[in-house]
Amino acid sequence: MGDQPVVLEPVGKGNRAAILALELLPRQQGFVASNAESLAEAKQDDEAIARAVIADGRVVGFLMYSAPEDDDEAIIYRFMIDRREQGKGLGRAAVAKALEEIAKLGHIRRVSICYEPENEAARRLYAGFGFVEQGLDEDDEMIAALELDG
Ligand SMILES: CC(C)(COP(=O)(O)OP(=O)(O)OC[C@H]1O[C@@H](n2cnc3c(N)ncnc32)[C@H](O)[C@@H]1OP(=O)(O)O)[C@@H](O)C(=O)NCCC(=O)NCCS
């Protein structure tokens with residue numbers, strides 16, 4: 001399947017409810033915090049950059065990352081595509097957009113991402129972008145990192 005056009009939008013009044021309505025499959029529920037938790041966290045944390053994933057004008061997913069100005073590393077720490085929209089290439093397209101957005105910031109050289117070691121979909125998705133597994137962190141989550149070119 002070819003990559004589908006997706007755009008990332010800042011979170012705001014117009015897409016909040018749709019982000020909160022997104023769902024995971026039951027077996028995925030331990031893989032990522034709920035979007036309600038993530039949005040609450042984003043409100044408290046000036047460094048959290050939250051984005052709605054939009055395809056065909058609809059909110060299909062959500063992601064959150066940090067890219068502090070005094071650091072050259074960005075961390076994508078929340079990412080999900082709605083259960084009804086998975087398997088269509090939207091996850092891949094959203095990661096591509098996020099990496100593009102992060103690269104455009106100009107000061108980021110390395111992007112890290114974390115996922116549960118048993119999350120095969122995440123492992124394969126990120127490996128496809130060249131993320132290299134670094135090992136488990138103190139919470140037993142797998143960390144994978146990508147060096148940006150240039
Ligand atoms: C991981 C996730 C974002 C992928 O989104 P998606 O839109 O279904 O992914 P895509 O359709 O773009 O698939 C891209 C690649 O991901 C991998 N992938 C996706 N679903 C997969 C599955 N069920 N099993 C194995 N690999 C899978 C494959 O490598 C796939 O490429 P391929 O189709 O060429 O094999 C989605 O499954 C999800 O929201 N999971 C729950 C939350 C989560 O685990 N988030 C990541 C950790 S924070």
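At 8% relative accessibility, asparagine 35 counts as buried (under 20% relative accessible area is buried, over 50% exposed, in between partly exposed, with a 1.4 Å probe and protein chains only). Keep in mind that this is a predicted model, where local features need pLDDT of at least 70, side-chain atom pairs count only at pLDDT 80 or more, and totals for chains, interfaces and linings use all residues. Residues are numbered from 1 along each chain as its sequence is written, and side-chain values use heavy atoms, with hydrogens and water left out.

**Around asparagine 35**
- Asparagine 35 sits in helix 2, residues 35-44 (helices are DSSP runs of H or I, at least four residues; strands are E runs of at least two; numbering starts at the N terminus).
- Skipping neighbours within four places in sequence, asparagine 35 touches Ile19, Leu20, Leu22, Phe62 and Met80 (contact means heavy atoms within 4.5 Å).

**Salt bridges**
- There are 11 salt bridges in the structure, each a side-chain nitrogen of Lys or Arg within 4 Å of a carboxyl oxygen of Asp or Glu.
- Arginine 58 and glutamate 85 pair up at 2.6 Å, N to O.
- Arginine 58 is in strand 3 and glutamate 85 in the loop between strand 4 and helix 3, so this pair ties together parts 27 residues apart in sequence.
- Glutamate 85 is buried at 9% relative accessibility, while arginine 58 is partly exposed at 42%.
- In helix 3, glutamate 100 and lysine 97 are three residues apart, about one turn, and their closest N and O atoms are 3.9 Å apart.
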